[in-house]
Amino acid sequence: RRKLRTDVAAAFPHLSAEQLAEFIPNKEELNVIKIYSHKGEAVTVYMNHRNPILFEIEKALYPTVYTLWVYPDLLPAFSTWPPVLQKLAGGADLMLPGVVVPSSGFPQVERGTLCAVTLLGNRAPVAVAVATMSTAEMLAAGMKGKGFAVLHTYTDHLWEYGDKSCPPALAPLVTDSAEKESAEDEEEMKEPIISFSTDPLQPVDVGDLSLKEQDSCAVLMGTEELEESGAAETAQDANAEVQREAEDSRTPQEQMDALFNQCFFHALKCKVKKSDLPLLTSTFLRSHMFSCCPAGQQLDIKKSSYKKFSKFLQCMQQQRILQVKELNKGVESIVEVDWKHPDIKAFVVPEGFSSASAAQDSKIEDREQAYHAPEIIPLYGVSTKMIPLFQESGHRKGSILSSSEVRNIIVNYVKANELVDETNKNFVRVNAILCDCLLDKSEQDEISKLKWDDLLSRCLERLQPLHQVTFFGQEPVVRKGNIEPIDITVAQRSSNKKVTIIKNLELYGLDPQCVANILQQKVQASATITPVPGTKDRVQVQIQGNQIHHLAKMLLEEYQLPRKYIQGLEKAPKVGRKK
């Protein structure tokens with residue numbers, strides 16, 4: 001602890017003795033954990049008050065955003081526009097065109113200086129970065145090129161180790177405030193449609209244009225006190241015409257963004273209930289948002305600026321409208337919705353949608369929208385031991401291959417090295433590389449030939465198992481290991497009662513709550529959702545009695561899931577013969 005305090009004092013000389021004692025306290029618990037970045041770098045993280053306060057890479061100390069919120073002036077700060085934060089959080093570095101030039105000038109830094117990145121209008125830092133050029137070089141380059149290499153941002157994995165709090169609202173300095181006003185005035189002159197929100201993660205929304213224009217129109221009418229109703233109606237007609245022209249002038253991407261926003265708020269306001277949560281994001285899109293789409297229009301996430309539905313939901317989560325969690329690896333669910341959020345309250349259901357008809361449409365849509373079983377493809381990753389066998393074909397450790405690609409690579413390798421046995425072409429001679437890769441130590445002196453089938457099966461066994469899951473209307477997801485089957489078990493409870501327990505439904509795009517509701521109606525028995533013992537954020541369906549017959553019919557016939565992905569169907573009760 002004493003050494004850490006000394007290192008912190010050397011790294012951040014601006015900290016006073018009191019601040020240093022508060023930063024690294026003597027008596028409070030200080031935890032140290034080691035994590036690894038996606039690049040394989042070892043990172044040491046220091047935790048205090050359950051928040052990461054420092055991280056160390058190659059003996060260099062860096063503060064986290066939690067620390068910079070307490071000491072906002074610890075590092076020289078550079079401001080950027082609020083929409084840029086999404087790019088930084090996604091792994092991008094900060095380019096100089098995205099840096100706001102204040103009227104007071106930039107802080108004077110040298111290349112390699114540790115800096116903080118803030119958003120315009122708030123001094124609370126949202127990223128920690130290293131300057132890739134000095135202040136003089138930035139200005140000499142005409143504010144073009146990469147200015148800062150970003151190490152850590154608000155909403156990244158390191159931030160998630162803490163209490164996941166949001167940046168505090170720290171009033172900017174007077175010069176920054178003046179600069180913001182002038183910048184905003186300038187932006188309004190250039191782009192009257194776009195306005196930046198005070199929420200640091202709220203995207204630019206052109207859908208608010210009509211509301212803003214109506215507000216401005218109302219203010220205009222109030223201040224000028226228009227008395228003639230004819231003049232007022234003329235002004236409203238003109239205003240409506242302006243709105244229509246503005247809507248028509250939007251790009252197709254902006255129109256799709258606005259349509260997604262409309263269907264999203266419509267679905268939350270009219271379709272989703274608290275009892276529906278947790279709700280699979282795929283189910284929310286397919287069964288709720290699609291039914292809110294106006295006639296003649298179609299939702300297509302690829303035509304929007306988000307490109308992926310998960311990014312759209314992430315944006316809504318950053319606005320604190322809802323909360324999304326990965327209950328199972330690669331499968332996200334909506335676990336919480338703030339129905340008191342101003343945006344949900346302010347949303348008005350479009351004309352043609354009544355609350356009753358919306359509910360009826362939802363039921364019809366639920367019936368019409370058939371479940372699509374995911375496409376599951378086994379894949380294989382090149383392991384360290386198998387590198388010599390695959391490097392000739394240009395593959396390295398971690399390369400992902402299908403079984404047919406593995407087969408072709410092995411066949412080509414055998415033919416290129418002339419290893420086919422001349423006396424019997426069903427056998428392959430084992431050379432030094434095949435011996436090291438495919439044979440156990442006890443076999444290396446005994447086996448000199450392998451059958452083709454044995455050769456291929458041994459190769460697949462020694463590769464790292466992976467699988468690709470493609471849900472209907474979504475991007476393919478690659479996961480490690482073999483996919484876990486839907487696990488059905490029958491447990492004994494008190495008074496000789498039995499219950500059927502179903503796990504891993506989420507892995508196949510099935511909503512546990514929806515399955516529980518359908519089963520409850522079919523068998524007229526109580527069904528509940530309970531946490532899976534010994535796991536975090538995983539749930540299972542529990543229904544009274546041995547209901548495996550009904551489950552088998554539903555999963556195999558209605559949902560068209562392959563039998564190999566369902567485990568436990570053999571435990572169905574045996575039906576006695578009728579006399």
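Modeller: Gladly! Thr283 touches His288 and Asp511, leaving out residues up to four places away in sequence; contact means heavy atoms within 4.5 Å. This is a predicted model, where local features need pLDDT of at least 70, side-chain atom pairs count only at pLDDT 80 or more, and totals for chains, interfaces and linings use all residues. Residues are numbered from 1 along each chain as its sequence is written, and side-chain values use heavy atoms, without hydrogens and water.

Biologist: What makes Thr283 buried?

Modeller: Its relative accessible area is 8%. Buried means under 20%, exposed over 50%, and partly exposed in between, with a 1.4 Å probe and protein chains only, so Thr283 counts as buried. Thr283 belongs to helix α11 (residues 281-289); helices are DSSP runs of H or I with at least four residues, strands are runs of E with at least two, and both are numbered from the N terminus.

Biologist: Why are α11 and α12 called roughly perpendicular?

Modeller: Helix α12 covers residues 309-318, and α11 packs against α12 at about 90°, with the axes 11 Å apart. Axes are lines fitted to C-alpha atoms, for helices over the stretch in contact, and angles run from 0 to 180 degrees between N-to-C directions. Under 35 degrees is roughly parallel, over 145 roughly antiparallel, 65 to 115 roughly perpendicular, and the rest oblique; therefore this pair is roughly perpendicular. Thr281, Phe284, Leu285 and Met289 of α11 meet Phe309, Phe312 and Leu313 of α12.

Biologist: How do you know that β8 and β9 pair?

Modeller: Two strands pair if DSSP finds at least two bridges between them. Strand β8 (residues 114-119) and strand β9 (residues 122-131) have six bridges, in the antiparallel sense. Thr118 lies in β8 and stands opposite Pro125 in β9. At 5% relative accessibility, Thr118 is buried too.

Biologist: And what order do the strands of the sheet take?

Modeller: The six strands run β6-β10-β9-β8-β5-β7 in an open sheet with mixed pairing. β6 (94-95) and β7 (99-100) are at the edges with a single partner strand each, so one side of each has no neighbour in the sheet.

Biologist: What makes the pair of Pro107 and Thr135 a polar contact?

Modeller: A polar atom of the Thr135 side chain is 2.7 Å from the backbone oxygen of Pro107. The definition asks for N or O atoms within 3.5 Å; within protein, one must be able to donate a hydrogen and the other to accept it, and residues adjacent in sequence count only if both atoms are side-chain atoms. The pair therefore qualifies as a polar contact.
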